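Here are some exercises to work through with the structure open beside you. Try each task before you read its solution.

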Amino acid sequence: MRHPFRNALLAVALVVTALGAARPAAAAQTAPEFAGIEAWQNSKPLTMKQLRGKVVLIDFWTYSCINCLRTLPHVTRWYDQYKDKGLVVIGVHSPEFPFEKQEANVRDAIARYHINYPVAQDNDLATWDAWDNKYWPAEYLVDQRGNVIAHHYGEGNYAEMENAIRTLLGMPKLADDKAEMDKDAPDFTQLGSPEMYFGSDRSENNASPEGARTGVRDFTAPSRLDLNKFALVGRWEIGRENASLVGASGEIRLHFKAKKVHMVASANDPVTVEVLVDGKPQPPVTVQKSMLYTLFDGDGYKDHVLTIKVPKANFHAFTFTFG
């Protein structure tokens, strides 16, 4: 099973860019074609060959990825601002989890995040592989001749990418005081927790002494959780990609360092979970659809212990992500 990267700390460190000016055609890579697309949203099927003569921005994303969701407002703004000047934006939705392959879930996300440009559902990662992509999110800028002249992995560098778009469109670059600032991005120098997975395939953050192998069993939490560890309490079933509560009730405990905590989760029926941080109640969160939920929004990058109390079975936890 492949494990592409979407960890914010890693993605920012892996920025690769050729932004600013187009390279000569002979030195640039010809943009690969779309491959194996399950469905097109907001558009009839498109090909890169059809798009010659346009400036094209390809955005690889998936709707439960917090890094992608923080990038989307910038991508949607570029589309709105430059679509009438020759820019085409195409979102390639390349899923990580099976629920992200469901067309209805993708349509809901497109509506929720006000995406009006074409979205290609790359359910089998065929286009991801054709472009030799490895990260969520990833942006590739293609010039009018069909050459990839810039790319960026992870969050940030929004002003540089916008100026590269403007250069290809024959527009002047933005002055520094007009460049878009990323007000919502975390301070990655202070963010102290990586993405954590509940499934057995990537279980290094699970501190329950019963282990993280697949199967059903009763879990307990250690008396002290180390930083960047979580533990399950109650009867859970561990799958390769998630943990599902099978007992009448259960808990998840987490020791983290961040301002925000998000969880990718779902439930067979709506379930309202109780959330406590350092023993203090937070607003409850109702979970049902397979998506990302915000559990905590604090005021600084501090160590905390979070407890989630789940009152009934058939709650499914996939990942913790942080901001």
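**Exercise 1: a lysine and an aspartate**

Lys-302 makes a salt bridge with Asp-299, with 3.5 Å between the closest N and O atoms. Before going on, note that this is a predicted model, where local features need pLDDT of at least 70, side-chain atom pairs count only at pLDDT 80 or more, and totals for chains, interfaces and linings use all residues. Residues are numbered from 1 along each chain as its sequence is written, and side-chain values use heavy atoms, leaving out hydrogens and water.

Solution. Start with the rule for the pair: a salt bridge needs a side-chain nitrogen of Lys or Arg within 4 Å of a carboxyl oxygen of Asp or Glu. Next, the exposure classes: buried is under 20% relative accessible area, exposed is over 50%, and partly exposed is in between (1.4 Å probe, protein chains only).

**Exercise 2: two arginines**

Task: find the salt-bridge partners of Arg-240 and Arg-224, and say which parts of the chain the Arg-240 pair ties together.

Solution. Step one: Arg-240 pairs with Asp-201, their closest N and O atoms 3.1 Å apart. Arg-240 sits in the loop between strand 10 (229–238) and strand 11 (243–267), and Asp-201 in the loop between strand 8 (196–197) and strand 9 (215–219), so the pair ties together parts 39 residues apart in sequence. Both ends are partly exposed, Arg-240 at 49% and Asp-201 at 27%.

Step two: Arg-224 pairs with Asp-226, at 2.6 Å between the closest N and O atoms. Here Arg-224 is exposed at 60%, while Asp-226 is partly exposed at 42%. Overall, the count is 12 salt bridges.

**Exercise 3: the open sheet**

Task: give the strand order of the 7-stranded open sheet, then say which helices lie across strand 3.

Solution. Strands here are DSSP runs of E, at least two residues long, and helices are runs of H or I, at least four, numbered from the N terminus. Two strands pair if DSSP finds at least two bridges between them. The order is 1-7-6-3-4-5-2, with mixed pairing. Strand 1 (29–30) and strand 2 (39–41) are at the edges with a single partner strand each, so one side of each lacks a neighbour in the sheet.

Now look at strand 3 (55–61): it runs parallel to strand 4 (87–93) over 7 bridges, and Phe-60 has Val-92 as its bridge partner. Helix 2 (66–82) lies across strands 3, 4 and 6, at about 160° to strand 3. Helix 5 (158–168) lies across strands 3, 4, 6 and 7, at about 15° to strand 6. For these angles, axes are lines fitted to C-alpha atoms (for helices, over the stretch in contact), and values run from 0 to 180 degrees between N-to-C directions; contact means heavy atoms within 4.5 Å.
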